[in-house]
Amino acid sequence: KLLIPLDDIKKSEFLNDEKMINAETEEEFNGCIYVKYNEETGKTNYAYFYKCETLNYTGNCFEFDKEIGEITGLDTSQTECSYFDTLVIPTYIYGVKVRSVKEIANEDYSYVAQSDSIDFSKALYLEIVKEEAFGCNIHAFKTHDEIDLSNNSLLHTIEDYGFSDAELVIRKVKLPDNLKIIGKKAFAKNSLKEIILPEKLE
């Protein structure tokens, strides 16, 4: 697997230094090209990422089930996996779409407890926030002024206790228009000042 910044390609002999423009958005391509060779098929797959960190923002910190595209936890035994300013839920991990998240906060010194914010803006394929995914057992008081899920257009379910924890204080939540299900006590024990429920909520 390779992740090649376009800046490196521009500086190489393969392309000139002219801007590469996205014909659909008219914006310049400045991200990375992901290259993966499949030994079984002999084929090489390519994908473009607007930001290089969207492939796997935290290296090997995420425990990930490739079969279903689910973040199943965090390896917080590594110091670098416990002390990030922002918890970023990525678009892909090792080329596989991130579709669901569970048990992010299952460690005493979890990533959630140490991060100042949670960024969902890159989780373009996120469909489900599973039970207790960002709650329970944080064991460190943390305040997030806002959880913004408004751009996660595929997100349809937040399961029971998804963001519920006595130590996790959320002031404001922005939900996506297509959200259909909010499980019981999904935001319990928080200090919500504002939440707007989407019209498609069932």
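**Terms and values**

Q: How many residues does the protein have, and what share of them counts as buried?
A: The protein has 202 residues, and 38% of them count as buried. Buried means under 20% relative accessible area, exposed means over 50%, and partly exposed lies in between (1.4 Å probe, protein chains only).

Q: What kind of model is this, and which cut-offs apply?
A: This is a predicted model, in which local features need pLDDT of at least 70 and side-chain atom pairs count only at pLDDT 80 or more, while totals for chains, interfaces and linings use all residues. Residues are numbered from 1 along each chain as its sequence is written, and side-chain values use heavy atoms, with hydrogens and water left out.

Q: What makes up the secondary structure of the protein?
A: Two helices and 16 strands. Helices (H or I, at least four residues) and strands (E, at least two) are DSSP runs, numbered from the N terminus.

Q: Why are E4 and E15 said to stand at the edges?
A: The open sheet has six strands in the order E4-E5-E9-E11-E13-E15, with mixed pairing. Strand E4 (62-65) and strand E15 (181-182) each have a single partner strand, so one side of each has no neighbour in the sheet.

Q: How do you know that E11 and E13 pair, and in which sense?
A: Two strands pair if DSSP finds at least two bridges between them. Strand E11 (residues 128-129) and strand E13 (residues 157-158) have two bridges, in the parallel sense; therefore they meet the definition of a pair. Valine 129 has isoleucine 158 in E13 as its bridge partner.

Q: In which sense do E2 and E3 pair, and over how many bridges?
A: Strand E2 (residues 32-38) and strand E3 (residues 43-49) pair in the antiparallel sense over seven bridges. Isoleucine 33 stands opposite tyrosine 48 in E3. The two strands form a hairpin with four residues between them, and glycine 42 in the turn has a positive phi of about 75°.

Q: What makes tyrosine 161 partly exposed?
A: The relative accessible area of tyrosine 161 is 23%, so tyrosine 161 is not under the cut-off for buried. Tyrosine 161 is found in the loop between E13 and strand E14 (168-174).
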